[in-house]
Number of protein chains: 2
Amino acid sequence: MNNQDFVKEVADINTDFAGWYTDVVLKTDLVDYGPVKGTMVIKPYGYAIWEQLQSYADKRFKEVGVQNAYFPMFIPESYLKREAEHVEGFAPEVAVVTYAGGQELSEKLIVRPTSETIICEMYAKWIKSYRDLPVRMNQWCNVVRWEKTTRPFLRTSEFLWQEGHTVYATPEDAQDDVERMLNIYIDVAQKLLAIPVLNGRKTEREKFAGAVATYGIEAIMRDGKCLQAGTSHNLGQNFAKASNIRFLNKDGVLEYGYSTSWGISTRLIGALVMVHGDERGLKLPPNVAPIQVVIIPVASHKEGVIEKCQEVADALIKAGVRVKLDDSKNTPGWKFNEYEMKGVPVRLEIGPRDIENGVATFVRRDTREKAQLSLDTIATEIPSILEQVQQNMFDMAKQNLDNAIVETDDYNTMVNEINNKKVALSYHCGDKDCEEEIKNKTTIKTRVIHSYDDTHKCIYCGKQSKYRVYFGKQY
Amino acid sequence: MNNQDFVKEVADINTDFAGWYTDVVLKTDLVDYGPVKGTMVIKPYGYAIWEQLQSYADKRFKEVGVQNAYFPMFIPESYLKREAEHVEGFAPEVAVVTYAGGQELSEKLIVRPTSETIICEMYAKWIKSYRDLPVRMNQWCNVVRWEKTTRPFLRTSEFLWQEGHTVYATPEDAQDDVERMLNIYIDVAQKLLAIPVLNGRKTEREKFAGAVATYGIEAIMRDGKCLQAGTSHNLGQNFAKASNIRFLNKDGVLEYGYSTSWGISTRLIGALVMVHGDERGLKLPPNVAPIQVVIIPVASHKEGVIEKCQEVADALIKAGVRVKLDDSKNTPGWKFNEYEMKGVPVRLEIGPRDIENGVATFVRRDTREKAQLSLDTIATEIPSILEQVQQNMFDMAKQNLDNAIVETDDYNTMVNEINNKKVALSYHCGDKDCEEEIKNKTTIKTRVIHSYDDTHKCIYCGKQSKYRVYFGKQY
């Protein structure tokens, strides 16, 4: 398919962003619909992005001492009910196994929507003394949440994620963990995905079911809608009490542990598409792109062209670059469009005349800048060009983020601006019911708290403010 | 726990191998029982072994052009029924979701016991022409098989594995794939895990439900029992016909594709324990050991000891060795026993006198050999010592394998030898019912075919032989 076809076949990015998104993720082979409603198949190109993301995050987790493990997917129904807010939050969307091995089960099994309850059950068994603490484990796995309205990557019945679960001896240590992991998520978004994020504590209404406090990172899509891109929860002693996680402290006294949990998921791939994509398709930041440089031979039947392309590919691979040499029978023009649509950051074209002149032509996906590089120095220059692309993509997205934020103290202005693809920064009283009313009227929700400030008035009810908070619509 | 305690607390390896196995996997923190009967929690030390295994196998898959992807876990009940032998093979052990999102489902969902049916459904959608072939995808995921008798790693209701699924245009290409992947599995077992294996085609009775032919690798445990450690299936056109995977061939004619599937799982960790372990606990081959070298400071309060240990650790890490420096408050004696039990291949002891003499004391887990190494050359010597340990562990296991095999043409001898911890190599007629009778009488099954040979008599029924095949009891 050439780019002309692509542009014709996908919805217009400006007038139908949601349609554009679905068209792009399907047509660039990131994902397909699974046979069961609301499920997705992550195709190799999409999965390769997930692998890059896993590899970066996993390394960061291990550097701070987190260990990977694997806990069973089936949770006895009774476990979920132990923590009152937690069951309330998840009960409506769980999938339930009632038969197994040809028999009806005596206790129904919940397919994990998240694993706090079952992991805490094991921690209660393992943790005896302060010497056993902290315990910090992470698992990469699938989870199931039966959603009514679904969209590939953003909201699906089954998705992939990592969930970290810790227990500490003191509330301070637990809070440090919550912030440490949030900071890693900020780096995943900003350094790896080139997605600038808002970050901070979520309001009481928006926190995780069962948490004392939830912190999150929020990315702003091109249409001004927000996407919760990662969360880090301080669970206090809530789950420790529900699961009886107790340890003998240094004074020989039994105490409940302080736990946290934190997760990011395949929805980040959706964010990647919606933050960077344009009317030509995907635009992938080099740090997460499965293919960073595609080499396209021009007049490949001419002597020495393929050989030179292979030589450049080998030199780039040696320099640590993820390269694809496409020597298939398709025309160069077809290939130019194909890899542009797939968001490959840099394209190199090498033909007989280039070889004669000792150069390759390169085209950047982000700026569409076209220039020539000496073949002698290409292996050292490409890595720095990739860095420039990465930085530029972050800068452009940051500018979009900054432009999207409107500070206002007027409710009608807030609603109008948000309906006009903006995010509002406004004062709020912190009252759950007040927040609920705004949401019921407008579908607008709070995202993360900007700063605590009681010197203003709530934008909705007019009472004393508690904090300044971002409001927006969400995916 | 010191080693004396350990030896006391675990079952005797010679008289109660099954009890020894369970004790060892639990006490060395590889695994724990999950709350739901038959499930397991893979603890960090066990999961780290799985990560080494994944990393090796994944690299090998990618080198031969396989791509990773992810397919949904829930399979519509009707899919499983499409292939007659397949549903018969798996129906008795599936877990079934009947409720989700607060409602009874109109079609029940099977939690994947394996993904042939759902992956073939997608392939049927994606594959149109011979130009789309081959398609070769792999996924790392969890699967569920509701087993009555379970044992950690070896047989659990839920386990982790990889499953590769391919479609080719010709039966020859499919058969090549089956053999290529089997060869990779042989390397996983032999080169990574130091486990010598028997390999070959399985009999009609023992093949995968729905396959034309199954090939497998079989490892022999210390008690002479066999463990199926990996399988590679030629599915012929069976699943292509069931799922309607058709492609236009070069002559413009619609043809069914030829598919294969292949998998290895967390049960390999069980094999690792049962092939190499001894009365002191685990014994891990360096190539898969999460910790290859443990450094234990002696008289660590003395000036310079910890610093020197750290220096050695840094040098080894730089040399690509997976090192742990244990500077915890436990006694050196406690640590010696702890890491011996955990199967760490090499222990380094460094104390003030060693430092004075410019040496470190090293102890091999496999041979218990103790010697000294110059601190100046330790970073170059350790990698070659690790190679020696790896080779020696393979050689010892190979000797056990060779010793376990008894060639016999007499049925009673075969049964007696197998009951006496051996594996028999005997002729068989190839008849399913004949094989079934042997199994019903003795629990002995065929493992893999050694060679086709019709010049002998079947060891059971006396009719003309079809092949020479390994017989044994199994985990």
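This is a predicted model: local features need pLDDT of at least 70, side-chain atom pairs count only at pLDDT 80 or more; totals for chains, interfaces and linings use all residues.
**Stop 1**

Show chains A and B in two colours. Rotate chain B by 180°, with 0.0 Å of shift along the rotation axis, and chain B superposes on chain A with an RMSD of 0.0 Å. That is the relation of a two-fold axis.

**Stop 1: the interface**

Now select the residues where the chains touch. On the chain B side there are 40 residues, in contact with 40 residues of chain A. Which element of chain B gives the most to this side? Strand β5, residues 95-100, does, with six residues. Colour the chain B side by class. You will find 26 nonpolar, eight polar and six charged residues. Do the same on chain A and compare the residue numbers. Of the interface residues of chain B, 100% are also interface residues in chain A, so the copies meet through the same surface.

**Stop 2: a sheet across both chains**

Select β5 in each chain, residues 95-100. The strand β5 of chain A pairs with β5(B) in the antiparallel sense, over five bridges. The bridge partner of A:A95 in β5(B) is B:A100.

You now have an open sheet of six strands, with antiparallel pairing. Read across in this order: β4(A)-β6(A)-β5(A)-β5(B)-β6(B)-β4(B). Which strands stand at the edges? They are β4 (74-76) of chain A and β4 (74-76) of chain B. Each has a single partner strand, so one side of each is left without a neighbour in the sheet.

**Stop 3: from β5 to β6 in chain B**

Stay in this sheet and select β6 of chain B, residues 103-111. It pairs with β5(B) in the antiparallel sense, over four bridges. Pick B:Y99 and look across to β6(B). The bridge partner there is B:E104.

Now click B:L105, which lies in strand β6 of chain B. Is B:L105 buried or exposed? It counts as buried, because it has 20 C-beta neighbours inside 10 Å. Leave aside the neighbours within four places in sequence. B:L105 is then in contact with B:V97, B:T98, B:Y99 and B:A100. For contrast, draw a line from B:L105 to B:K59. These two are 46 residues apart in sequence and 40 Å apart in space, C-alpha to C-alpha.

**Stop 4**

Zoom in on B:I295. Setting aside neighbours within four places in sequence, its contacts are B:C309, B:V312, B:A313, B:V323, B:L325, B:L348 and B:I350.

**Stop 5: a covered strand in chain A**

Select strand β14 of chain A, residues 258-265. How many of its eight residues are buried? Eight are, so to speak, under cover. Show the side chains. A:Y258, A:T260, A:W262 and A:I264 point one way, and A:S259, A:S261, A:G263 and A:S265 point the other way.

Strand β8 (residues 158-168) of chain A runs antiparallel to β14(A), joined by eight bridges. Here A:H165 stands opposite A:S261. Strand β11 (residues 226-236) of chain A also runs antiparallel to β14(A), joined by five bridges. Here A:S232 stands opposite A:W262.

**Stop 6: a helix in chain B**

Move to helix α11 of chain B, residues 332-341. Its buried residues are B:K335, B:N337, B:E338, B:Y339, B:E340 and B:M341. Then step past its end to B:G343. The phi of B:G343 is positive, near 80°.

**Stop 7: a four-stranded sheet**

Finish with β20, β21, β22 and β23 of chain B. They form an open sheet with mixed pairing, in the order β20-β21-β23-β22. The edge strands are β20 (405-407) and β22 (445-452), and each pairs on one side only. Here the twist averages 30° from one strand to the next. Last, pick B:L425: its bridge partner in β23(B) is B:Y470.

How values were computed
Residues are numbered from 1 along each chain as its sequence is written. Chains are lettered from A and ligands numbered from 1 in the order in which they are written. Two residues are in contact if their C-beta atoms, placed from the backbone, lie within 7 Å. Helices (H or I, at least four residues) and strands (E, at least two) are DSSP runs, numbered from the N terminus. Ala, Val, Leu, Ile, Met, Phe, Trp, Tyr, Cys and Pro count as nonpolar, Asp, Glu, Lys and Arg as charged, and the others, Gly among them, as polar. Two strands pair if DSSP finds at least two bridges between them. Copies are superposed by least squares on the C-alpha atoms of residues with pLDDT of at least 70 in both. A residue is buried if 20 or more other C-beta atoms lie within 10 Å of its own, exposed if 12 or fewer, and partly exposed in between; C-beta atoms are placed from the backbone. Axes are lines fitted to C-alpha atoms, for helices over the stretch in contact, and angles run from 0 to 180 degrees between N-to-C directions.
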